[in-house]
Amino acid sequence: MGILLFLTVLLVAACGLIYELIAGTIASYLIGDSVFQFSTVIGTYMFAMGLGSALSRYLNRGLIQRFIWIELMLGVVGGFSSALLMLAFAFTQGFQLVLYVLVVVTGILVGLEIPLLMRIVQDRYTFRDAVAHVLTFDYLGALGASLLFPILLVPHLGLVRSALFFGLVNAGVALWSTYLFAPQLMEKRSLRAACFVVLSLLCVGIAKAKLITITAEDNIYADEIIFARDTKYQHIVLTRFKDDLRLFLNSHLQFSSRDEYRYHETLIHPGLAAIPVPRTVLVLGGGDGLAVREILKYPQVEKITLVDLDPEMTKLFSTQTMLTELNQRAFESPRLHVINADAFPWIDQSSENFDFIVIDFPDPTNYALGKLYTTAFYRAVARHLGAQGFMVVQSTSPMFARDSFWCIAETLHQAGLRTFPYHVYVPSFGEWGFVLAGSHDYIPPKSIPAGLRFLNQEGIPLLFQFPPDMARLPMPANQLNTQVLVRTYENDWKDISH
Amino acid sequence: MRFSRRKFLRTSSAALIGLSLKSERQIQGSFVNEAAATGHLLRDRKSFPPPKQTAKVPVVIVGGGIAGLSAAWRLRKQGLRDFVLLEMNAQAGGNARSGENEITAYPWAAHYVPVPGRQAIYVRELFEDLGVLKGGHWEERYLVFAPQERLFLYGRWQDGIEPAVGLTQADKEQFQRLEESFAKYRATGAFTVPLEVGYSRKFAELDRLSFADWLKSQGFNSQLLNWYMNYACRDDYGALTQDTSAWAGIHYFSSREAEEKGPITWPEGNGWITKRLLERVGENVRTDQMVHRIVTTSHGARVFAGDIEYQTEFVIFAAPTFLAPYVIDDFRPLKDFVYSPWLTANLTLEQIPDSRGADPAWDTVFLDSPTLGYVDATHQSLQTHVDRTVWTFYWALVDGTPAQNRQSLLENSWDYWKEAILRDLEKVHKDIRRCVSRIDIMRMGHAMIRPTPGAIFSEQRDRLKRRDGRILFANSDLSAISIFEEAQFHGVEAAQGVLHRLRGTR
């Protein structure tokens with residue numbers, strides 16, 4: 001009987017900690033500011049546990065029966081806590097109220113458990129042993145739960161099902177207690193009936209968990225956030241909605257998996273296919289490996305050098321399954337060399353030449369990024385361009401940021417290059433623009449790799465035609481000492497949002 | 001594993017909560033590049049040991065600041081390699097010295113050169129040599145990056161240093177009228193850089209009154225306008241308008257074209273020019289060589305430095321001229337040479353301090369401060385991501401006499417100045433103490449010549465500028481304006497003079 005009793009303590013303790021972790025996690029996940037959420041949730045929870053312990057003194061008779069009822073209540077409240085919180089956030093204004101009420105109720109119930117259990121075992125053990133045994137298993141349970149939670153539960157069960165699963169554990173403990181303490185119990189039958197009701201309720205919950213999650217998340221975000229990380233350099237967020245995977249860097253959309261092929265095929269093939277024998281390619285930015293995926297379609301290319309500032313970015317896109325599927329395991333190619341470095345100083349110290357250079361940086365939203373769109377930068381890059389080579393520059397939208405687009409084209413021009421601007425429609429972005437630049441004339445390619453989803457050979461010359469509403473505007477070049485582009489870009493997008 | 005348990009617990013628990021430790025940092029640092037002790041040996045006329053060896057060399061340059069290095073540059077460019085340049089400090093460069101740590105190079109004093117106008121032919125020639133000016137175009141990466149300057153006033157930021165917010169109609173009219181007045185002086189062509197090109201007695205009467213008196217006489221009483229004029233004089237002359245010649249005050253604003261872009265700068269400030277000049281003339285430079293005596297002879301001079309006596313035909317005296325009476329035998333005392341005391345500090349920042357939402361700028365100034373603000377050494381970096389930096393903090397001590405301020409520089413401890421600097425910065429950057437790990441301070445008792453009233457049109461200067469003896473003077477203090485272009489001008493002119501006479505007499 002002893003070991004079974006203490007196993008009960010262990011399970012009960014694990015459940016208690018799981019509910020606390022779930023509340024903290026959901027609050028940080030939905031509201032953000034994890035330090036604040038975890039601190040207040042843990043604090044409130046501990047305080048409520050104290051309340052529970054204090055209240056335990058008023059329970060005098062039928063301790064075991066009361067314990068079983070507490071377990072059943074916990075099974076329901078804790079088990080459905082996750083689902084309730086998600087739905088509360090999605091459909092009500094009172095998420096925080098629900099959160100703290102739930103935390104207080106769960107805390108009080110959990111706070112009642114250990115004092116009750118201690119009193120239940122007090123006849124069998126000395127006070128000294130009872131305290132030692134009960135607390136030992138209490139803490140062991142907590143350890144187990146805290147390890148299970150991040151390693152197994154959240155990744156494999158998800159938050160809604162994890163809570164329900166531990167609700168089942170609570171209800172299971174209740175049912176089991178009716179047998180464990182059978183001799184001291186009356187009305188066993190009705191207690192057991194209640195246990196079965198709760199257990200089946202929770203089972204239904206588990207069966208419908210997916211529905212609950214989807215219903216809630218449909219209302220929470222347009223997309224589900226599947227990855228969010230603050231690296232040393234940027235805030236990376238990856239979202240997924242059905243088959244649409246989206247990458248945001250510092251909250252700017254980088255691609256949507258539904259239409260990124262339009263962007264990346266158009267970024268690479270008009271330039272690269274026009275070079276007679278491309279052997280070496282440089283990609284600046286583009287840590288998602290999607291441009292590299294397109295470049296790998298050229299068997300003549302012997303070496304691709306990818307320079308991206310953020311090692312976390314290249315690591316993410318070389319390890320995360322959904323992402324490596326998207327870039328077709330580009331990072332595993334022996335032809336690819338990844339360098340994590342700041343592009344401008346890197347190109348300055350490099351002694352290599354390249355037949356094709358892809359410049360795919362985030363838009364010039366600040367002065368730091370603005371440096372990578374200057375005549376000084378393009379001159380530095382052009383020094384590494386082979387005689388027959390081209391470089392292509394991601395140049396923001398000629399439709400929404402028309403001034404900026406033509407400013408970039410003019411900057412390349414004043415850096416001493418011949419420029420060939422073109423554009424494409426990418427549904428998730430809108431009209432998007434690129435500038436091809438080199439020291440000689442551009443002749444559209446005679447052939448392009450087979451199996452492209454968007455581009456065909458006949459379509460390429462059409463990309464270079466600009467309708468009047470996107471036509472060239474006279475703009476000054478962007479220089480390090482003026483940084484006109486950053487201000488232009490800011491104004492362009494301000495005009496759109498107003 | 002030298003990782004104490006306590007430290008482990010502290011870091012691991014901090015990591016667990018996801019908080020970084022936000023306690024105040026221990027700030028390291030010291031006084032650096034101290035020159036007072038050596039310099040005072042001259043002042044106190046200590047006796048020096050007799051020379052152990054003699055060396056014969058046609059030309060000796062005394063002083064390795066921009067004037068001396070420019071003289072050396074010109075001599076070598078004209079094919080004269082047989083000369084020595086004697087520098088008393090461990091590092092050449094003078095006011096164009098720089099330092100470097102694992103984050104960046106940074107200046108110790110002068111940190112930019114305005115884009116030189118057409119009249120500054122020597123500067124343009126040098127910049128063509130150094131690749132700063134190529135085919136009539138200024139190298140983009142040497143022009144200061146945008147955003148350039150910001151001024152903190154009334155609890156907010158503005159672009160540029162000339163106050164543009166909180167101006168009354170009267171303020172605006174005065175700024176406008178003053179600009180028109182400067183434009184008129186500019187149009188006369190008498191105010192030029194280098195000063196020598198337009199030097200004309202026509203405006204000599206402006207040199208007899210102070211800039212403050214001139215402003216008052218012209219009815220300029222706007223407080224913001226006077227703050228800005230004082231700021232300009234503190235920045236370029238280390239003096240208040242009341243201690244600056246009106247001619248020099250007007251020169252500051254009337255000597256350059258209004259539409260110029262720039263200035264030209266590098267992470268290490270003018271230390272970059274010093275490095276490039278040393279690449280060209282370094283083999284002639286001897287550092288840690290304090291010249292303690294110069295005696296002119298019938299066909300040359302004897303220069304005593306350390307235990308060597310140099311027997312030479314010509315001396316280019318490029319060190320500050322105030323040293324001449326202590327070094328050169330029978331040199332008449334100087335009276336029109338007043339020098340401003342300064343301190344500069346380099347602050348190593350482990351994280352970028354909070355700037356109340358402002359974009360980072362190259363030069364930052366606070367309206368409400370006795371200091372000149374600071375320059376960010378990594379502003380001119382090509383990196384897109386900078387998480388540590390060095391700020392160079394400038395402070396010209398202008399209240400009180402230069403002698404009092406020199407005394408204060410010498411007497412007060414590093415801790416005193418460190419606190420003064422942090423308190424100044426704290427007014428705007430609340431978290432500065434959490435960001436700074438090191439503050440090195442350089443004290444300069446005679447940092448720069450001060451154009452006091454009467455200094456520009458001084459007979460003494462006119463005589464020294466003739467350069468007709470065996471000792472040719474070359475320091476920027478001959479112009480009474482301590483800027484790069486003046487130092488370079490006098491250095492090159494002195495070299496030209498020496499070359500002319502060497503080749504003429506041979």
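This is a predicted model: local features need pLDDT of at least 70, side-chain atom pairs count only at pLDDT 80 or more; totals for chains, interfaces and linings use all residues.
Chain A comes with a domain assignment that gives two pieces, domain 1 at 2–218 and domain 2 at 259–497. Going by C-alpha atoms, the centres of domain 1 and domain 2 of chain A are 54 Å apart.

Two packed helices are described by the angle between their axes and the distance between the axes. For helix α6 (residues 127–180) and helix α7 (residues 188–207) of chain A, the angle is about 165 degrees and the axes are 9 Å apart. Since angles over 145 degrees count as roughly antiparallel, α6(A) is roughly antiparallel to α7(A). The crossing of α6(A) past α7(A) is left-handed. On the α6(A) side, the contact is made by A:R161, A:L164, A:G167, A:L168, A:A171, A:A174, A:L175 and A:T178, while α7(A) brings residues including A:L191, A:C195, A:V198, A:L199 and A:L202. Sorted by class, this contact of α6(A) with α7(A) has 11 nonpolar, 3 polar and 3 charged residues.

Over in chain B, 7 strands make an open sheet of mixed pairing, ordered β9-β8-β16-β17-β18-β15-β19. The edges belong to β9 (156–159) and β19 (436–450) of chain B; each has a single partner strand, so one side of each is left without a neighbour in the sheet. From one strand to the next, the twist averages 20 degrees. Within this sheet, β15 (residues 338–349) and β18 (residues 389–396) of chain B run antiparallel and are joined by 8 bridges. Here B:L343 sits opposite B:W395 of β18(B). Helix α12 (residues 402–411) of chain B packs on the sheet, where it touches β15 and β19 of chain B, and its direction is at about 35 degrees to that of β15(B).

Chain B also has a helix pair of its own: the axes of α8 (residues 223–237) and α9 (residues 246–254) of chain B come within 11 Å and cross at roughly 95 degrees. Where the two meet, α8(B) supplies B:M229, B:A232, B:C233, B:D236 and B:Y237, and α9(B) supplies B:A248, B:G249 and B:Y252. The residues of this contact split into 6 nonpolar, 1 polar and 1 charged.

As for the two chains together, their contact draws 16 residues from chain B and 21 residues from chain A. The chain B side that touches chain A is made up of 8 nonpolar, 4 polar and 4 charged residues.

Technical notes: Residues are numbered from 1 along each chain as its sequence is written. Chains are lettered from A and ligands numbered from 1 in the order in which they are written. Two strands pair if DSSP finds at least two bridges between them. Helices (H or I, at least four residues) and strands (E, at least two) are DSSP runs, numbered from the N terminus. Axes are lines fitted to C-alpha atoms, for helices over the stretch in contact, and angles run from 0 to 180 degrees between N-to-C directions. Two residues are in contact if their C-beta atoms, placed from the backbone, lie within 7 Å. Ala, Val, Leu, Ile, Met, Phe, Trp, Tyr, Cys and Pro count as nonpolar, Asp, Glu, Lys and Arg as charged, and the others, Gly among them, as polar. Domain bounds come from an automatic or database domain assignment. Angles under 35 degrees count as roughly parallel, over 145 as roughly antiparallel, 65 to 115 as roughly perpendicular and the rest as oblique. A crossing is left-handed if the near helix is turned anticlockwise from the far one by less than a right angle, and right-handed if clockwise.
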